[in-house]
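Here is a short briefing to read alongside the model. Points are grouped by topic.

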Amino acid sequence: MPDALEATVKDEALDAVDAQAKAANASKAEKPRSLWSDAWHDLRRNPLFLISAVLIVLLLAMAIAPGLFTSADPRYADLAKHYLQKPNWGNVFADDWLGYDGQGRSIYARLVYGARASISVAVVVTVLVTVFGGIVGMLAGYFGGWVDTILSRVTDIFFGIPFILGAMVVLTSFEDRALYVVILALAFLGWTQIARVARGSVITIKQADYVMAAKALGASTPRILLRHILPNAVAPVIVVATIALGGYISAEATLSYLGIGLAEPTVSWGVDISSGAEQLRNEPYVLILPSIMVSITVLAFIMLGDAVRNALDPKLR
Amino acid sequence: MTIIDKTADVPAPRGSTENSGPLLDVRDLHVEFKTRDGVVKAVNGVNYSVAAGETLAVLGESGSGKSVTAQAIMGILDMPPGRIPQGEILFRGEDMLTMGYEERRKIRGQKIAMIFQDALSSLNPVLTVGYQLAEMFRVHQGLSKKDAKAKAIELMDRVRIPAAKERVNDYPHQFSGGMRQRIMIAMALALEPDLIIADEPTTALDVTVQAQVMDLLAELQREYNMGLILITHDLGVVADVADKIAVMYAGRIVETAPVHELYKRPAHPYTRGLLDSIPRLDQKGQELYAIKGLPPNLLKIPSGCAFNPRCPKAQDICRTDVPLLADVTEQDGGELPGRGSACHFWKEQIHG
Amino acid sequence: MAELRKNNEAAVDAPPNVTAVETVDASTTQEAVAAIEAPVERGEPILQVRNLVKHFPLTQGILFKKQVGAVKAVDGISFDLYQGETLGIVGESGCGKSTVAKLLMTLETATAGEVFFKGQDITKLSGRALKAVRRNIQMVFQDPYTSLNPRMTVGDIIGEPYDIHPEVAPKGDRRRKVQELLDVVGLNPEYINRYPHQFSGGQRQRIGIARGLALQPEIIICDEPVSALDVSVQAQVINLMEKLQDEFNLSYLFIAHDLSIVRHISDRVGVMYLGKMAEIGTDTQIYDHPTHPYTQALLSAVPVPDPDAREGRERIILTGDVPSPANPPSGCRFRTRCWKAQDKCAEEMPLLAVPERFKSSDTPAAHESACHFAEEKDVVHAA
């Protein structure tokens with residue numbers, strides 16, 4: 001052991017070094033930047049994100065407050081206008097802008113009001129599958145062993161059911177095809193994708209040294225899961241969920257078109273596509289317009305998911 | 001079996017006696033990367049040259065630009081975000097940066113080969129090592145499948161992989177780290193290149209295996225009379241095999257010297273600091289000297305000499321004027337061939 | 001009440017390089033915690049490892065797993081760590097040194113053997129007593145890039161130990177304590193709200209050290225704490241660790257593959273090979289008077305950053321690679337690469353003990369070495 005004098009000299013020298021190191025750092029005026037704020041910084045400059053964000057905000061506004069976009073009632077049928085009034089392209093945002101459907105209802109109003117059903121189905125399904133699939137995936141990935149074996153096999157079984165076919169079977173067994181039935185049917189079959197992504201992500205994260213460090217400190221399992229695993233594993237789940245949200249919109253439309261999803265009097269794009277199909281040859285716009293809405297919405301969410309994925313990709317930093 | 005040898009035969013500097021010019025001559029090379037936070041100036045005017053049969057060690061810490069320079073030579077920089085705003089890379093007198101893609105491709109692989117740090121990720125995991133070695137001969141020399149395989153086995157023998165004949169059909173993951181690095185060396189040697197660039201070839205290996213691989217590399221280099229650029233951060237590895245050393249800091253060469261000279265009398269405070277900051281194996285030291293401060297941020301390289309905020313000898317001039325790599329001479333003005341230092345006060349450093 | 005008694009069995013089993021374990025019989029958790037909290041005199045053993053074994057089973061099958069073998073990562077090692085000292089553990093990858101660290105941290109469960117912390121076998125503790133041990137044994141990790149949670153601020157990272165062990169610091173005190181720790185490890189206390197990726201490697205390692213210090217532990221296990229850092233930064237961190245050891249009266253178990261750094265920081269050094277301890281002694285004994293051929297080969301292979309000192313140094317270049325720990329050689333594990341190996345080496349496992357021939361003499365070669373043919377050979381000094 002060095003004697004006391006030597007130790008003091010040594011400490012002083014070290015302190016001087018440290019002080020200089022500190023001074024060097026202090027000169028860099030740097031704000032705390034979390035990985036999320038870095039990602040946000042990236043997103044704000046990404047045109048893909050900006051376009052998709054504007055579209056999604058508009059669609060959400062339609063879903064929440066359709067009255068802002070049109071004063072017409074989507075269920076008011078004026079049979080006198082039955083197919084007679086073609087779209088009046090010049091009359092932007094007016095009731096007759098996009099013409100009338102077979103029942104003489106304003107197509108524009110129906111598109112605006114249809115956003116609510118379509119988007120709420122997709123959003124609620126996404127929330128449900130993210131929470132449920134996320135928990136299943138996290139438990140399977142973190143605990144491994146027999147927990148993983150059981151949960152993963154169950155996931156595989158559900159994953160093996162063809163999505164639309166499965167939904168059809170589930171929905172046909174319900175008399176009443178209200179919004180919540182469609183939501184439950186889609187969520188029942190949709191959680192597996194999220195579970196698989198979450199499981200993979202958790203398995204990667206749980207091997208990180210900081211998880212080991214937390215264990216070495218004596219941290220409890222809930223603490224490790226919530227403080228260390230969840231915040232780091234959530235990014236890929238969010239990306240997949242965003243992209244899946246688009247998928248649920250088209251799934252709702254598909255099921256409604258097949259006549260087993262939402263049904264009249266609910267106003268939804270799928271319902272409109274279904275009724276528009278009857279007149280495809282004569283009046284194709286009745287079918288095409290709601291289809292375009294579905295496509296735009298799906299595209300917007302997929303673009304958002306891609307932009308978020310790029311912003312969160314750790315390889316880029 | 002174990003070989004015990006007295007290594008009195010330190011490789012004597014094998015100069016470029018038969019060849020007139022250097023094999024590779026890098027002149028005033030600059031490389032920069034565009035990132036979200038600004039332009040990262042990774043290489044800021046690097047000059048070095050290697051002759052046939054010569055080993056140049058490029059020594060530097062992370063962010064010194066040592067690997068980026070090598071990537072620029074090999075033409076494997078990601079561009080964008082990378083960019084070479086100025087400079088020349090002359091291979092046998094021809095500028096590789098201005099020649100056509102085809103011409104360049106022929107030099108790369110056939111004339112200049114590279115060995116990477118991580119052999120596992122540099123070898124294709126789904127192909128056998130024999131196939132990957134044989135591919136070199138089939139593609140570049142048009143050999144038949146059978147001949148190429150025979151050559152592959154020969155090459156594996158050459159890098160002393162035991163039971164090469166039996167192991168030729170094994171996959172990369174079936175080999176140990178040291179053996180994989182030998183396979184990488186075999187790949188690099190396959191076409192008998194004039195120059196090999198080895199980027200931290202032994203960093204990932206254990207000490208006892210490190211020695212085997214470095215010896216093999218040095219021996220093969222001597223045998224084929226190749227030029228070798230050895231990129232490393234390890235002052236120890238360099239001392240064993242290099243003829244001359246270029247020390248890099250913040251994208252510049254701060255000191256060049258023949259290997260013995262550098263360790264005996266460093267002419268740059270950074271080199272001095274590095275040498276002082278590594279503990280000795282043969283004696284219990286007192287306190288370690290530590291270079292103060294942090295490695296430079298390449299987004300904001302300090303003005304003047306990049307090392308000035310960490311330098312114990314820094315004066316006002318160091319904060320304003322960039323020191324150029326000046327020839328280092330004896331106190332009486334006598335020539336010291338191959339020595340240079342980019343320090344305003346090299347005289348004080350080496351003689352004072 | 002905790003009763004102190006000599007454990008004779010342990011004394012018989014234990015190799016002679018270690019002192020007898022004074023176990024503490026604690027029948028209640030309170031007694032165990034009290035024993036763990038009790039102070040240890042400087043120079044007395046604080047951590048005693050006895051015949052520690054860790055085998056990782058190799059299994060086949062997906063649903064119904066069948067054990068087909070085991071990776072013998074650690075296969076019966078014993079050593080003492082004295083209060084206030086630094087014990088260096090060196091060895092190549094796969095020798096089991098990192099597994100030892102995890103076993104001591106109770107991050108892995110030992111297959112067999114004991115780890116006594118102040119006389120308490122920590123492999124058998126649970127609950128509050130285990131938590132008390134964890135508070136007193138902390139770890140500094142190798143990779144400063146992966147050992148800090150990227151989503152937490154520096155303040156949260158260094159303060160997390162206080163969330164888990166709230167009795168150490170009252171809530172209102174924590175921010176100040178974290179800032180003090182930042183200052184102690186040479187970082188600006190104003191950085192408390194920043195995130196890890198805003199720091200360089202050396203600074204991150206300082207953050208990792210600050211986290212390790214937060215609970216005022218008595219032992220810090222350092223697993224390759226500087227090998228991921230630049231040379232110029234390594235010296236800073238090593239100096240900081242030495243300063244902290246004096247300041248906080250810490251005992252270090254310093255695991256590394258860099259023999260020069262281990263010599264610099266360690267009072268004693270143990271050399272591991274394939275899950276066994278090959279040789280252990282003071283730094284002078286191991287570096288200047290090694291008697292195990294593996295230690296000699298290891299030392300001679302270290303590249304010395306001084307071409308002049310290198311000349312005339314004897315170099316032993318081993319052939320081949322380290323055998324797989326799933327299927328280690330019989331007898332002496334080093335025999336497949338050893339130039340001295342004889343039939344005896346394959347048949348009989350050499351025990352870690354002071355070689356007979358040196359036993360009576362007072363030379364520095366008289367230290368524990370697990371070799372049948374131990375002899376001194378200086379490989380680090382020029383002839």
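Which residue caps the N-terminal end of α10(A)? A:S268 does, with a side-chain oxygen 3.2 Å from the backbone nitrogen of A:G270. This is a predicted model.

**Chain A: overall make-up**

- Chain A has eleven helices and zero strands.
- Read from the N terminus, its elements run α-α-α-α-α-α-α-α-α-α-α.
- Chain A holds 317 residues, and 47% of them count as buried.
- Among contacts in chain A with a separation of 6 or more, 71% join residues 24 or more positions apart.

**Helix α10 of chain A**

- Helix α10 of chain A covers residues 269-276, and six of its eight residues are buried, so the helix is largely enclosed by the rest of the structure.
- The buried residues of α10(A) are A:W269, A:G270, A:V271, A:D272, A:I273 and A:G276.
- They pack against four helices of chain A: α3 (47-64), α4 (107-143), α9 (221-257) and α11 (284-312).

**A:L171 in helix α6**

- A:L171 lies in helix α6 of chain A, residues 163-172.
- Its relative accessible area is 0%, so A:L171 is buried; the cut-off is under 20%.
- Beyond residues up to four places away in sequence, A:L171 touches A:R177, A:V181, A:V182, A:A185, A:L255, A:I260 and A:G261.
- A:W146 is 25 residues from A:L171 along the chain, and their C-alpha atoms are separated by 33 Å.

**Chain B against chain C**

- The contact takes 54 residues from chain B and 53 residues from chain C.
- About 4800 Å² is buried between the two chains, and carbon and sulfur atoms give 55% of that area.
- B:T208, B:L281 and B:K284 supply 16% of the area that chain B buries against chain C, more than any other three residues.
- How many salt bridges are counted between chain B and chain C? The count is one.
- B:D215 forms a salt bridge with C:R315, with the closest N and O atoms 3.0 Å apart.
- On the side of chain B that touches chain C, the elements giving two or more residues are β1 (3-6), α7 (177-189), α8 (207-224), α9 (235-241), α10 (259-264) and α11 of chain B.
- Helix α8(B) gives the largest share of that side, seven residues.

**Aromatic pairs and clusters**

- The whole structure has 13 aromatic pairs over all chains.
- The rings of B:Y249 and B:F307 have centres 5.2 Å apart and planes at 85°; the cut-off is over 60 degrees, so the pair is edge-to-face.
- B:Y249 lies in strand β11 (residues 244-249) of chain B and B:F307 in the loop between α11 (269-277) and α12 (316-320), so the pair ties together parts 58 residues apart in sequence.
- Both B:Y249 and B:F307 are buried.
- In chain C, the rings of C:Y273 and C:F334 have centres 5.2 Å apart and planes at 85°, so this pair is edge-to-face.
- C:Y273 is in strand β11 (residues 268-273) of chain C, and C:F334 is in the loop between β13 (314-317) and α13 (343-347), so to speak of the pair is to speak of distant parts of the chain, 61 residues apart.
- C:Y273 is buried, and C:F334 is buried.
- In chain A, one aromatic cluster is formed by A:F132, A:F158, A:F188 and A:W191.

**Charges over rings**

- A:R196 lies over the face of A:F159, 4.1 Å from the ring centre.
- In chain B, the charged end of B:R167 sits over the ring of B:F175, 4.1 Å from its centre.

**C:E85 in a loop**

- Is C:E85 buried or exposed? C:E85 counts as buried, at 8% relative accessibility.
- C:E85 lies in the loop between β4 (66-82) and β5 (86-90) of chain C.
- Apart from neighbours within four places in sequence, C:E85 is in contact with C:D80, C:Q245, C:L250, C:S251, C:Y252, C:D267 and C:R268.

Notes:
Residues are numbered from 1 along each chain as its sequence is written. Chains are lettered from A and ligands numbered from 1 in the order in which they are written. This is a predicted model: local features need pLDDT of at least 70, side-chain atom pairs count only at pLDDT 80 or more; totals for chains, interfaces and linings use all residues. Side-chain values use heavy atoms; hydrogens and water are left out. Rings of Phe, Tyr and Trp (its six-membered ring) pair if their centres lie within 6.5 Å; planes under 30 degrees apart count as stacked, over 60 as edge-to-face and the rest as tilted. Buried means under 20% relative accessible area, exposed over 50%, partly exposed in between (1.4 Å probe, protein chains only). A charge sits over a ring if NZ of Lys or CZ of Arg is within 6 Å of the ring centre and within 35 degrees of the ring normal. Contact means heavy atoms within 4.5 Å. Buried area is the accessible area (1.4 Å probe) that two parts lose on being put together, summed over both. A salt bridge is a side-chain nitrogen of Lys or Arg within 4 Å of a carboxyl oxygen of Asp or Glu. A polar contact is a pair of N or O atoms within 3.5 Å; within protein, one must be able to donate a hydrogen and the other to accept it, and residues adjacent in sequence count only if both atoms are side-chain atoms.
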